[in-house]
Amino acid sequence: MAKFFSVLLPYILSGISVGGQYALIAIGYTMVYGILRLINFAHGDVFMVAGLFMVYMAGSMPLYIAAPLVIVLTVALGFCIEKVAYKPLRTAPRMSVMISAIGVSYLLQNLALYITGGLNKTYPDIPWISDNVQVFGATTKWVTIITPFLTIALVIALVLLINHTKVGMAMRAVAKDFETSQLMGIKINNVISMTFVIGSALAAVGSMLYFSNYPGVVPTSGAMPGLKAFVAAVFGGIGSIPGAVIGAFVIGICESLIKGLDTIISAFVPGYAALELATFSDAFTFALLIIILVFKPTGLFGEKATDKV
Amino acid sequence: MQKKKNHGKTFAGLVAIVCFLAVVLVLDQIIQPTDSMAMLLKVLQKASVYALAAVSLNLLTGFTGLFSLGHAGFMLIGAYTYAIFTIEPLQRDVVYQYYDAAIRVSFPQMLAQHLGGLGTVLGVILAILLAGAVAALLGWLIGLPVLRLKSDYLAIATLGFAEVIRAVFQWGKLGPVTNGSNPLKSFVRINSFKLTLGGTTLSLSTFVPVLLAVVCIAVIVLLINSSYGRAFKAIRENEIAAEAMGINLARHKMLAFCTSSFFAGVAGAGMAMVLGIAQANNFKSAMTYEILLMVVLGGIGSVTGSVIGATLFIAASEWWLRGLDSGTFLGINAPDIFRNGFRLVVFSIVIMIVVLFFRRGIMGDKELPDLFRRRKKTPSKAKGGQSHG
């Protein structure tokens, strides 16, 4: 048992941490999808741009100014994307909006490529959270420990906001029925902007936690976490915030375990020839997506589909 | 009378295509690799491959209404199948540096032993067809679960499958077949396509990919104009109405998906041929996005639109906007702004403008010949009918 614990623990810890970071991104997807029925393909790239903001800002100002400023700038970016790329297409077919989202993603990646010159930008060390710490004999960074707690705190705050404030009520109404809520005097555009603001802010926080664990930021480093977070949102039932968070943790932990599967198996099965299973850590996420879509398209906590004929 | 007219139109189209192919063949001879116009050939080669990929994606997105984002995965399968079965036998062990190559068949080599030069050609064709067939088979397997999904869920599931395919092809344990994450090289590529006729050697390095694209696109057009194509369009407009009219949804969606995968596989083979290298890492979802943007640029639901879109996309990003990357553009010299990557930024802004303000793309859902046709009288008739009511 002790051996079991000591072998698995580092992977589970890092899985929980990655899961928390995915959860912060997944909320942005799930809220936007809940209201606009749009897969915001650009969200992963907003997350990447937040990482770049931090890289450039940390060089010229102290961290306690840079970090809030990064969040503000990311929020502004998300807000502008919605106003420029999605709002004009409000009455267009869903496919056009999705294509617009893909276009924004393409633009952000190319812009990042131009500004960084395609080089790996080293993410600044954030004091304290980048420091190492010992947990049950496993060495890890502080960021690994605080991510799940911070994520859960932010999610609780968000759920309170949605359930107990006027804006939250408007959001729930718009997600239920776009047109009726418009007729009831809800300012749809404000609600949608608010959704993008919240999503981008959480993505900015997520990017600070995520990139602290990685060597640096490249223009494509937002694509994979973005897709995985989306899968998490689908897994938990798109439109449901607790669902997205649970989905993100499940995906994070499974992914981390698969990354270490060769080591784990060889610790228990003597004479096991490594199969290089780590290759499949990304593929697993998508396999999970396909399984969930085929067997339970509404996800774990999703509402019943209300697609009208 | 109508039928005769249609025949005339088909004939005119054929003549135009033959003329185009002849022009390509001539250009292939007169432009030397060192010429300043050599870029034109490169653009033609790459654009023909992308045009085929775009048309095959348009068959799904534009004609059947299935929003699939797995195209890069099918192209990857095509590229690898083609590369594996045409690698030069003597070079095989050099290419599979770290593995013991499992598949040791080279179609061009095998058939050339019996048929000579003709055998090489047949071998290449066989490898291309096999590339398409393997992609179509995989398309069928993937289609079984995912085609039940609708719109954005289908998009995400196919995107996911493409990523799974990419991961599987890079898996070390499959190294003896796929060479792991290392590239495949030394297979038959366009430079080796030459025709020797009584002492004079004709270079076919641009002609072959263009011909491949023309033939494949012609087959897709025939499919679209057949009763199947009408069924696809019916499904696109309204699934429930189509089903009520007796169209078997599952069968037709699967047919469209497999056909599209087949031609994506062929396009992948063409891409391997043009680039001379096949590596799983190049077939990322960004490639699917690019192909989708070509389709959007040309107009969703227009075959000629996709071809024009792909050609403009490739010509602009590879050739016309080159200067934006290298310091001087339109005579303006500003190395600080026009540095590496600026081309793609300008380009993606142009794309965004098209997506936002010219949503119908260049052609809308019209075809090129429609533009030459005189306006029919039916619209005015319809108007008259309306005023009556």
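A salt bridge here is a side-chain nitrogen of Lys or Arg within 4 Å of a carboxyl oxygen of Asp or Glu. This is a predicted model, in which local features need pLDDT of at least 70, side-chain atom pairs count only at pLDDT 80 or more, and totals for chains, interfaces and linings use all residues. Residues are numbered from 1 along each chain as its sequence is written, chains are lettered from A and ligands numbered from 1 in the order in which they are written, and side-chain values use heavy atoms, with hydrogens and water left out.

**Stop 1: a pair in chain B.** Select Lys253(B) and Glu239(B), whose side chains form a salt bridge with N and O 3.0 Å apart. Lys253(B) sits in helix 12 (residues 249–275) and Glu239(B) in helix 11 (residues 239–244), so the pair links distant parts of the chain, 14 residues apart. Helices are DSSP runs of H or I with at least four residues, strands are runs of E with at least two, and both are numbered from the N terminus. Lys253(B) is buried at 7% relative accessibility, whereas Glu239(B) is partly exposed at 23%. Buried means under 20% relative accessible area, exposed over 50%, and partly exposed in between (1.4 Å probe, protein chains only).

**Stop 2: another pair in chain B.** Select Glu318(B) and Lys46(B), a salt bridge with its closest N and O atoms 3.1 Å apart. Glu318(B) belongs to helix 14 (residues 303–320) and Lys46(B) to helix 2 (residues 38–64), so the bridge ties together parts that are 272 residues apart in sequence. Lys46(B) is partly exposed, at a relative accessible area of 22%.

**Stop 3: chain A as a whole.** The C-alpha trace spans about 65 × 50 × 35 Å along its principal axes. Of the 309 residues, 54% count as buried.

**Stop 4: salt bridges in chain A.** Select Lys83(A) and Glu82(A), which form a salt bridge with the closest N and O atoms 3.6 Å apart. Lys83(A) is partly exposed at 29%, while Glu82(A) is buried at 1%. Then select Lys228(A), Glu255(A), Lys259(A) and Asp282(A), which a network of salt bridges links. Over all chains, the structure holds 9 salt bridges.
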